[in-house]
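Colleague: Could you walk me through the terms you use for this model? I would like to hear what stands behind each label.

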Amino acid sequence: MTDPQIAVMMLGIFILVILLGFPIAFTLMAMAVGFGYYAYYDPERMRTIFDNRVFDLFVNQTYSVMANDVLTAVPLFLFMGYIVERANIVDRLFHTLYIASRRIPGSMAVAALATCAMFATATGIIGAVVTLMGMLAFPAMLKARYDTSFASGVICAGGCLGILIPPSIMLIVYAATSNVSIVKLYAGAIIPGFMLAGLYMMYVIGRAVVNPSLAPKPREDEVEDVSVGQVALMLLTSFFPLAFLILSVLGAILFGLATPSEAASIGALGGLVLAAAYRSLTWQRLRESVYLTVRTSAMVCWLFVGSWTFSSVFSYLGGEQLISDFVLGLNLSPLAFLLMAQFIIFLLGWPLEWSEIIIIFVPIFLPLLPFFGIDPLFFGILVALNLQTSFLTPPMAMAAYYLKGVSPPHVQLMQIFKGVMPFLVMILIAMIIMYNFPGVALFLPEYFYGN
């Protein structure tokens with residue numbers, strides 16, 4: 001076998017091993033070292049079995065990841081999200097938004113989506129958002145006689161917005177992988193992120209108007225008698241503090257007042273201050289937040305170490321060039337290339353997490369973008385939109401399994417799957433809009449930072 005054929009075999013074995021359930025980070029490292037040992041084998045240098053250059057590569061990649069300034073923001077944003085999650089801020093926020101929107105058709109679903117968008121902005125952790133909203137908003141919606149599938153779709157779709165809406169952890173990972181400015185990525189993701197949330201809300205309100213049985217209006221005895229002044233006070237004490245924290249973090253990044261890492265540190269401090277202000281900052285919650293932050297950060301870092309070493313060996317063997325020559329030989333138009341790339345990423349989203357797709361498979365497409373005249377920033381936002389589907393598409397819809405894990409026993413998995421399908425259509429519509437109007441993603445980066 002030639003080296004490029006071995007590289008393709010290496011990629012195929014990796015996918016097979018992942019489908020069998022082996023840990024991804026350690027699988028990447030083991031396969032990178034194993035195939036790299038073959039790729040860098042030099043009999044003249046091999047005095048001992050450890051004289052192979054793959055070990056030097058592995059050490060260098062580990063140091064590069066740990067010293068990466070962009071990745072420094074990951075644990076800080078994670079800590080902000082985890083401390084907000086455990087500070088009982090979200091339940092106040094959902095209750096307040098429901099009271100404020102109670103005159104709108106499907107008001108509880110709209111409030112749930114708005115809360116998900118806010119919470120996703122603060123945390124960016126899909127499992128945390130879906131699980132918490134599944135325990136908080138989902139039972140309330142079922143109690144309010146909402147259709148089970150309809151309510152399930154709202155929670156799952158809203159919980160996935162954290163992939164796209166800044167400060168998204170996924171965008172930080174994409175920035176580190178593609179060398180695109182994280183500041184420009186954040187600016188580019190703002191409009192598409194809230195556009196998708198807006199499409200979700202339009203769909204929810206439209207379905208509630210056409211078929212009121214899906215989201216019945218609350219009865220008189222179920223509506224709290226709250227004055228306009230009380231609603232304003234509730235918003236002032238629950239919505240605006242979290243909104244101010246998020247806008248401060250994003251504003252500092254977008255206007256160049258702070259680097260993403262510096263802004264993330266302010267966000268983490270702000271999360272602690274909010275938790276203390278709500279009298280929810282306990283030693284137990286702080287310890288849990290730190291533990292979860294360290295665990296998730298370690299997973300991301302070791303994924304980077306494994307994937308960058310894997311990618312280096314894959315490229316050295318000629319796999320990247322083989323795929324590039326194959327794609328260029330198809331003589332695709334830019335639209336056909338984008339459709340092919342997004343379809344492959346969509347399929348990969350079934351068995352794999354977004355982190356593996358961004359770190360391992362997206363870099364295969366990145367060198368091809370200049371040939372088709374595609375802006376890597378635009379491509380990254382389109383991928384972030386596409387990866388919403390990876391959490392929602394059966395049979396491997398992780399958001400559905402997160403929700404099922406905290407749902408009442410009578411809620412069936414097929415009901416959840418049924419509920420997420422219309423939201424997949426909304427994602428497709430958002431992708432079509434963004435392709436036909438690239439300014440949706442490119443306007444803010446060009447306005448703030450030029451070309």
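Modeller: Gladly! Helices here are DSSP runs of H or I with at least four residues, numbered from the N terminus. This is a predicted model, where local features need pLDDT of at least 70, side-chain atom pairs count only at pLDDT 80 or more, and totals for chains, interfaces and linings use all residues. Residues are numbered from 1 along each chain as its sequence is written, and side-chain values use heavy atoms, with hydrogens and water left out.

Colleague: Which element gives the most to the lining of the second largest pocket?

Modeller: That is α20, with eight residues. Lining residues have an atom within 4 Å of a pocket point, on a 1 Å grid over the protein atoms alone; a pocket is an open set of points where a 1.4 Å probe fits, with protein on both sides within 12 Å along at least five of seven lines. The lining has 18 residues, and Leu339, Gln342, Leu428, Met431 and Ile432 lie nearest the pocket's centre.

Colleague: Why is methionine 431 called buried?

Modeller: Its relative accessible area is 15%, and buried means under 20% (1.4 Å probe, protein chains only), so methionine 431 qualifies. Methionine 431 is found in helix α20, residues 413-436.

Colleague: What is methionine 431 in contact with, leaving aside neighbours within four places in sequence?

Modeller: Gln342, Leu382, Leu385 and Asn386, where contact means heavy atoms within 4.5 Å. Leucine 382 is 49 residues from methionine 431 in sequence, yet their C-alpha atoms are 6.7 Å apart.

Terms used. Helix = DSSP H or I, 4+ residues; strand = E, 2+ residues; numbered from the N terminus. Buried < 20%, exposed > 50% of the residue type's maximum accessible area, 1.4 Å probe, protein only.
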